[in-house]
Amino acid sequence: MCGIFGYIGPREATSIVLDGIQKLEYRGYDSAGIAMINDGVLCHEKEVGKVSRLQEVVSAKNWETNLAIAHTRWATHGRPTQGNAHPHLDTQKKCAVVHNGIIENHDTVRHLLEKRGITCISDTDTEVIAHLIAYLYKGNFLRAVQRALPLLKGAFAIAVIHHAHPGEIVCAAKESPLAIGIGKGEMFVASDSGAFLKYTRRAIYLGASEVALLTEHGVEAFDAQFAPIEKKREELSHSVEEASKGDYQHFMLKEIHEQPQTLQNALLARFSRDYGTATLDNLNFSDEELKKVERIVILACGTSLHAGMIAAHMLEEKARIPVEVEISSEFRYKNPIVKDNTLAIAISQSGETADTLAAMRELREKGARILGICNMQGSTMAREVDSCLFLRAGPEIGVAASKTFTSQLIVLSLLSLHFARMRQMSQQEGVLFIDALTKLPEQIRQVLLGSGQIIEIAKKYAAYENFFYLGRRYMYPTALEGALKLKEIAYVNANGYPAGEMKHGPIALINEMCPTVAFCADTYTYPKMLSNLMEVKARGGKVLAIAPGGASDIAAIADDVIWVPPTLDELAPVASTIVGQLFSYYVAKERGTEIDQPRNLAKSVTVE
Ligand code: M6R
């Protein structure tokens, strides 16, 4: 987590780096800081809160400099206080470090430093890096950083400046992303190339244990043995999309309302109705390879995991391929069995989730081919996988995923169709599937037009502190996703559960203070769902049902019903999820929580 941005060049650096870390706020936003060198003096400033707070403080200082580094933090070690914010400096304030990742052996290093009379003043794992570099510095800044790195364990990326080297930024990466932007007479370093895209499109990415020295004239890169290396320069193709809220109060609401368009984008030119099949031109796997796939392993976290669970159902049902869905953070510590013809599908909006990257690397080591499903071009995932299908959802600024989830569902539906048509699915079935898919954007427009009813229902339920979210079959992961949204943005406890499991224990929690949000749009299991909801009602629980139009018997059981347009069971998660998103959004609004940047969260989870 955390975002790093550095600049060296002829322009005034403070405003550039502050703008840079603002673009990286999706990686964390509990505190921010900046360091720069002015007339040989290392100056720094740190503030608790968002980057805008730091901007206010720094603008009053009228700093002028051509070199600066900055940081936006998501706390891992130590509370979000001014003292724990980055940059961290050595005792004599000669060098400053910004850091993303975790130094796992910080305690050991801290004790080593203490034995040499150097005491850390913060609770962070980062501070030891600054002391270590200062301690090892003997006139050559680059060499001091290079000598410090082998003493640090963990996955991290750093950028460092030193008061005696006002024309240099030294940066290093070990299993954490770090992009270097190459401008004309100016250089940038950032956790994500998107942050410097408006200045330059030429970039290199630092790999494992590599170090780079940036001056305004260029970049020199070195491997872990200090030997110079030639890094491949990449031309960034993604566009500079300046996100704005437009007339919406929050990015999340805007992103929810963008879904008719983002679904359309995800579908664009990716199917042939005549043949009833998907046309995934960018899929770098031959039909022969795909026909041979005997097992699929899906890797993902959070919302992407829920998309993976829905896709697993679809792939098994339609393409008859066995699929395992694995939580990346658990899977990375397994010793996976990879037989021939295993395909891994890694799903990640950001393409930077540390656990998913580690899990997919583990599978690749063992011989699996990897297909990425990702929104961010240029991300680590997009660069490392054998093939990548992009969501084309545009930047998602709200920390809680909304439009990217439904785009994941569309891309995964197309992929399932592709596999299914290669196996036993008929052309006619394929055409029906495509017809249902292409109706979705219009159906979602209808759902969004019904927001007024959802606002009223959200007001009615906003004061409850505990919810159950229930569903069966395709609606079970949909319920999990609905519950996650409510937790994330409204800070309300919501327990996502398969409805059939309630009787095995959780039903003990049902009472009039614990309502159930029931996802009923899986027609195959609908009658069973009704029985489960009767059981809830019999115990005094309130029921808010999200059900397909025409399924009138639910109205006699539920306290409230929100209708969604009927579709195929496997595509029903899209509309039902959007109702769930709107419900969570309006509950959160009613409760006055911070919706776009909820407490304790970050958009990209780049530490394990
Ligand atoms: O970028 P990824 O899709 O890999 O992110 C995975 C999760 O961190 C993410 O979905 C998270 O759960 C979101 N906050 C969900 O709203």
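Helices (H or I, at least four residues) and strands (E, at least two) are DSSP runs, numbered from the N terminus. The model is predicted: local features need pLDDT of at least 70, side-chain atom pairs count only at pLDDT 80 or more, and totals for chains, interfaces and linings use all residues. Residue numbers run from 1 along each chain as its sequence is written, and side-chain values use heavy atoms, with hydrogens and water left out.

**View 1. Glu175 in a loop between two strands.** Glu175 is placed in the loop between strand S8 (169-174) and strand S9 (179-182). Its phi is near 60 degrees, a positive value in a residue other than glycine.

**View 2. The cis peptide bond of His86 and Pro87.** His86 and Pro87 are joined by a cis peptide bond, with omega about 0 degrees. Pro87 belongs to the loop between strand S4 (67-73) and strand S5 (88-89).

**View 3. The surroundings of Tyr199.** The loop between strand S10 (187-190) and strand S11 (202-205) holds Tyr199. Tyr199 and Met187 are twelve residues apart in sequence, and their C-alpha atoms are 9.5 Å apart in space. When neighbours within four places in sequence are left aside, Tyr199 is in contact with Arg11, Ile16, Asp19 and Phe188; contact means heavy atoms within 4.5 Å.

**View 4. Domain 2 against domain 3.** The domain assignment, which is automatic or taken from a database, divides the chain into domain 1 (3-234), domain 2 (251-448) and domain 3 (450-601). The centres of domain 2 and domain 3, taken over C-alpha atoms, are separated by 25 Å. In domain 2, 36 residues are in contact with 34 residues of domain 3. The two domains bury about 3,000 Å² between them, 70% of it on carbon and sulfur atoms; buried area is the accessible area (1.4 Å probe) that two parts lose on being put together, summed over both. Of the area that domain 2 buries against domain 3, Met252, Val399 and Val447 supply 19%, more than any other three residues.

View 5. Lys318 forms a salt bridge with Glu570, in which the closest N and O atoms are 3.0 Å apart. The elements that give two or more residues to the side of domain 2 that touches domain 3 are helices H6 (251-257), H7 (259-267), H9 (302-319), H13 (403-422) and H14 (427-449). H14 gives the most, with ten residues.

View 6. A polar side-chain atom of Ser348 lies 2.6 Å from an oxygen atom of the ligand. For Gln349, a backbone N or O atom lies 2.7 Å from a ligand oxygen atom.

Technical notes: A salt bridge is a side-chain nitrogen of Lys or Arg within 4 Å of a carboxyl oxygen of Asp or Glu. A polar contact is a pair of N or O atoms within 3.5 Å; within protein, one must be able to donate a hydrogen and the other to accept it, and residues adjacent in sequence count only if both atoms are side-chain atoms.
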